[in-house]
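I opened my notebook for a friendly first look at a new structure. Here is what I looked up, entry by entry.

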Amino acid sequence: MPAGPVPERAAGHPLSLGSDARARLGGAVRMLLDLDGLGGASDAVRLAVLVLASRTPSETGVVEIYTSELGRWIGASASYTASEVVPGLRRSGLVCVETKEGEYGQDDGLKCKVLPLWAAQDVVGHPLNLAKKEYATLQRLLEAVMGPGWKHKDGRVTPAGLIGTRTGRGAATDRLALLLLVLEARETGRVRQCGGAVDTKRGRAAATVARLLGCTASAGERVLERLEARELVLRVRLKTGSGLRSRSRVMVPAVAAAHGRTVADDVLEDRAQALEPEFSDPDVAARAGEAPETETELQVSGVPVTDVADVADPDVAAALHTDHPHLVTPVLPPALSAGFSGEGRGAEGHRPERAYAGEDQAADGGTAAAGSAPPVAEDGPLRGEKPEESPVEEHQGQRDARTVAGGRPKAVGWDKARRQRRVGLPARPALQVALEPVQGLWVQLSGWQQDQVQAAAEAEIKRLEGLLEHQDGGPRLLANRLTDRLKETGGEALVDRPFPWLMRRGLVQRQACTDRRCDDGIRLDTRAECEMCGNVIHIRRAQRAKIAAEVDRELPGLTEGERRRVLEDRLREQAAIEAEDLAWRQEHARMEKARRDAARAAAQERAEHERQAAAAADAVRQALPCEDCGLLRSAGLCEACGFGRRTEAAIVEAGLIAATWSADLDDPHDVDAVTAHVRASLQADIERARHEFLQLMEPRALEADPILAASALAFAALQAVQQALPNYRSSALARLGRTDEAEAEARRAYKTEQGRHWYRHNPNGADAVAAATGKAEAARQRTAEHLLAVRMQQLREQLAARTEQAAVAPWTDRLPELAARSPEGDTVGAVIA
């Protein structure tokens with residue numbers, strides 16, 4: 001008898017897999033994805049292999065499917081599937097694909113065989129040796145997860161799977177990720193996460209998805225966010241003993257529902273809406289006096305799972321704050337009850353030394369803002385005098401002289417600060433959000449102090465946004481920090497000096513560890529406990545325990561007080577050693593930085609010298625005349641002569657290529673005859689190209705710039721030879737592919753492929769013949785390319801041995817000949833001819 005209630009399990013639900021079936025299918029899927037042929041393949045190709053494997057008949061192993069239907073399974077279009085996925089399946093070597101052309105020549109029908117599945121048949125213990133019922137279970141699982149949905153002829157409609165409507169870019173990745181998560185999920189829907197060290201910025205959940213897909217943590221986080229947006233996966237955090245949300249979990253609600261379980265109703269949606277549309281709030285922290293929004297529309301609802309504690313989304317920090325009223329100290333002093341000068345002194349609360357002019361009481365007898373005036377001479381205005389005189393008129397009058405009665409100079413800053421004091425927060429919305437928790441302290445500041453606090457707050461907001469790479473999130477982070485600081489102090493009422501408290505305690509980040517996102521042991525981006533601080537505390541506790549064990553081992557007879565004193569002394573010694581080591585490492589780092597800076601400066605100086613030298617050498621080279629025609633300032637070779645050299649090299653190359661198959665390589669005369677024939681043919685092509693060019697140009701344009709016309713004709717000749725060169729190469733490969741060597745290599749490849757163990761049952765079948773023919777043609781092509789390379793190398797060596805390259809006479813030796821030529825007749829005539 002079971003010791004407890006048995007959960008109701010949906011009969012026959014595709015996602016209600018038992019532990020054995022989940023392990024069996026999960027092992028087969030992982031083994032298919034880990035095969036060498038899929039290394040570096042796209043997620044669409046990997047998912048297509050799984051789809052074909054799930055639809056494989058256990059009797060024949062051949063899957064017949066349309067290209068468009070395969071695309072619907074992986075969330076891609078038919079054109080993308082035909083152009084990218086099907087070739088990827090062929091390149092992997094894991095799937096034998098036969099295609100049937102459609103109306104427009106595209107790959108319309110596919111006959112596919114997953115070779116590893118077929119090879120594992122009847123192999124006892126092999127993970128891919130699946131039974132017929134296991135094939136059916138795998139197919140029903142894929143239909144439930146990513147089935148595209150169908151409309152039957154009888155009117156019935158089969159709905160799409162969980163993620164069957166997800167198409168377009170990244171759809172295959174999301175579908176594959178959800179399938180792997182479903183196979184990893186237990187009956188409660190919980191996915192076991194990976195262990196070990198992970199990227200703390202991304203989280204363990206993102207690292208788990210990344211390891212399942214074999215991608216980076218950032219890519220895994222993006223996939224997880226997309227699945228969360230569709231409510232297919234829930235990323236939750238459990239409460240720790242301190243009340244914070246720290247331990248993360250990944251859950252698949254559909255799996256829990258298939259096993260008759262549901263996820264807790266208080267799970268917060270990860271991508272919650274911001275409370276204020278004007279500002280980006282990464283943590284969506286609840287404002288003071290309002291409860292955080294926790295209702296979400298879950299994919300599955302019902303009775304909470306018994307083994308899942310209270311959960312909250314890791315990025316929604318509202319659950320970390322208590323719903324409490326806003327702590328604000330009244331900004332105006334209470335009304336004077338009995339007229340004592342010590343009453344209504346405001347938030348400062350200092351004892352008055354003496355009654356000053358205009359103190360605590362307005363001229364009309366009403367209550368004024370609390371404040372103290374500086375000491376003035378006895379002959380200043382008394383209380384109640386000049387009730388109609390405004391501070392502006394007073395400032396424009398006697399106070400312009402910056403003095404008081406008796407010739408004593410008056411402080412300018414105090415007068416300016418009193419004049420610029422603002423009761424409300426700054427008009428900038430970001431500062432209103434950031435300074436809202438300390439509004440009661442803001443009104444107690446002088447005008448100068450308010451300017452300083454405003455500048456410090458703006459700088460901190462900018463620093464926080466740059467630190468976390470989160471635009472418009474700095475104001476909310478700063479507001480959370482000020483709220484925490486006030487809680488730590490005990491409220492605004494206990495802040496006796498607002499300006500120093502704000503500048504030195506409220507607005508300053510207190511980094512408790514080496515993590516720049518740490519603030520008093522709390523992560524700025526997630527509002528969770530800082531993991532680095534936990535590591536530091538753990539290291540310190542371990543070090544203390546180690547020293548205590550050494551003391552107990554070395555001095556066993558000490559009393560408790562003596563043991564404590566010895567332990568403290570050794571801890572201080574260890575702290576001094578660590579401080580000395582830190583100072584040494586900092587000094588070493590400074591020296592290394594100085595050395596790197598010096599090396600960088602020397603490298604930059606050396607690079608500048610090299611650049612200047614190269615520029616000078618290039619200037620000298622540009623001034624050189626052409627080696628062939630003697631044209632001045634041609635950088636050693638003019639454009640027309642350069643094209644001519646390239647044309648000659650291409651003609652020689654074409655002749656050698658033609659000689660590789662049509663001439664006896666051991667007979668130099670036969671080789672020369674072939675190259676001469678090729679040269680004559682190419683010269684005819686050159687003349688034809690030049691004639692076409694001259695017909696398009698006007699004679700006056702050629703006569704106006706003979707050098708440019710010569711360059712254009714040389715380029716036309718080069719193009720004619722380059723266009724003919726691929727034809728010579730393809731012809732040579734075709735002829736060499738019919739040689740005895742190529743035929744023998746093709747026969748060997750054909751027999752080798754036909755003798756594979758997966759074709760032994762029917763070596764002369766259509767599949768075996770098609771695969772063997774493809775391998776034979778590939779071997780024939782490789783042999784032809786090898787023969788062409790070997791014969792070209794032999795011809796080049798023979799040509800170099802038989803002939804010596806004639807050195808071109810320098811242009812200085814040909815100056816008399818060039819001077820005797822008539823520029824008007826010869827050059828223009830040669831160009832026109």
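**Entry 1: a helix pair.** Which residues in H3 meet which residues in H7? I found that Arg72, Trp73 and Ile74 of H3 meet Ala171, Ala172 and Arg175 of H7, where contact means heavy atoms within 4.5 Å. By class, this contact of H3 with H7 has 4 nonpolar, no polar and 2 charged residues. (Ala, Val, Leu, Ile, Met, Phe, Trp, Tyr, Cys and Pro count as nonpolar, Asp, Glu, Lys and Arg as charged, and the others, Gly among them, as polar.)

Two packed helices are described by the angle between their axes and the distance between the axes. For helix H3 (residues 67-74) and helix H7 (residues 171-184), I noted axes that come within 8 Å and cross at roughly 60°. The axes are lines fitted to C-alpha atoms, for helices over the stretch in contact, with angles from 0 to 180 degrees between N-to-C directions.

**Entry 2: ground rules.** I am reading a predicted model, in which local features need pLDDT of at least 70, side-chain atom pairs count only at pLDDT 80 or more, and totals for chains, interfaces and linings use all residues. Residues are numbered from 1 along each chain as its sequence is written, and side-chain values use heavy atoms, leaving out hydrogens and water.

**Entry 3: the whole chain.** I noted 27 helices and 11 strands in the chain; these are DSSP runs (helices H or I, at least four residues; strands E, at least two), numbered from the N terminus. Of the 833 residues, 36% are buried. Buried means under 20% relative accessible area, exposed over 50%, and partly exposed in between, with a 1.4 Å probe and protein chains only.

**Entry 4: H7 again.** I checked how covered H7 is, and 13 of its 14 residues are buried.

**Entry 5: H1.** In H1, I listed Arg22, Leu25, Gly26, Ala28, Val29, Leu32 and Leu33 as buried. They cover an arc of only 160° around the axis, so they lie on the same side of H1; the arc is that of the directions from the helix axis to the C-beta atoms.

**Entry 6: Pro57.** Where does Pro57 sit? I found Pro57 in the loop between helix H2 (43-54) and strand E1 (63-66). Pro57 is partly exposed, with a relative accessible area of 27%. Leaving aside residues up to four places away in sequence, Pro57 touches Val62 and Val63.
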